Amino acid sequence: LLPAFRIEMKSGAVHHYSMPLAFEESEDEALLPYAVAHVRQGRKTGLAIGAASSPDFILAVLAAMGEERRLTTVAGGSLCCRTTSDFDLRSAIDPSGIQRIAAEQSNTSVLIGEEMVVKFYRRLRSGPHPEIEVGRFLTEVAGFRNAPATLGTIEYEAPDGTIVALALLQSF
């Protein structure tokens, strides 16, 4: 679901980055800015793209959060999808209203209509993520309505219990 890359710097520092990928059979020119590679899968050909540009991927992420899925990874840990009490997906989401925000920022953000935004963290760090922890507190404990509500999260839980934030869903 969310491939992670380990980058070793000349200084000796090690950074981990995430880039969700999706396969699109189409080689539509509109997808080329998000393409990573041309792909052949059996008889199918298409593009490996940044998954945040795929409405189907975003809908799958929302479904996983809504069902609070826990997905086991090949590394032995789990992807934990969680929601808060403000999460509500009773109405259908129009895929045409899903669009990636093109502005340069430290994460990949996708607008979901005029209601929500999902952020996929690019640089991964172990431990509680301040934006998620503060957002959960303001939404669930304080009931603070003057900041975007935290609606859902995806976190990787390593076999040793270490948590790494991967995605955050907020009201918009």
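**Notes on helix α1 and its sheet**

1. Start with the buried side of α1: its cover includes β7, β8, β9, β10, β12 and β13, where contact means heavy atoms within 4.5 Å. Helices (H or I, at least four residues) and strands (E, at least two) are DSSP runs numbered from the N terminus.

2. A word on the source: this is a predicted model, with local features needing pLDDT of at least 70 and side-chain atom pairs counted only at pLDDT 80 or more, while totals for chains, interfaces and linings use all residues. Residues are numbered from 1 along each chain as its sequence is written, and side-chain values use heavy atoms, leaving out hydrogens and water.

3. Which residues of α1 are buried? They are Phe57, Ile58, Val61, Leu62, Ala64 and Met65; buried means under 20% relative accessible area (1.4 Å probe, protein chains only). They sit on the same side of α1, because their arc around the axis is only 160°, taken from the directions from the helix axis to the C-beta atoms.

4. Just past α1, Glu68 has a positive phi of about 45°.

5. Now the sheet: it is open, with seven antiparallel strands in the order β6-β7-β12-β13-β10-β9-β8; two strands pair if DSSP finds at least two bridges between them. β6 (70–72) and β8 (98–100) are the edge strands with a single partner each, so one side of each has no neighbour in the sheet.

Notes
Buried means under 20% relative accessible area, exposed over 50%, partly exposed in between (1.4 Å probe, protein chains only).
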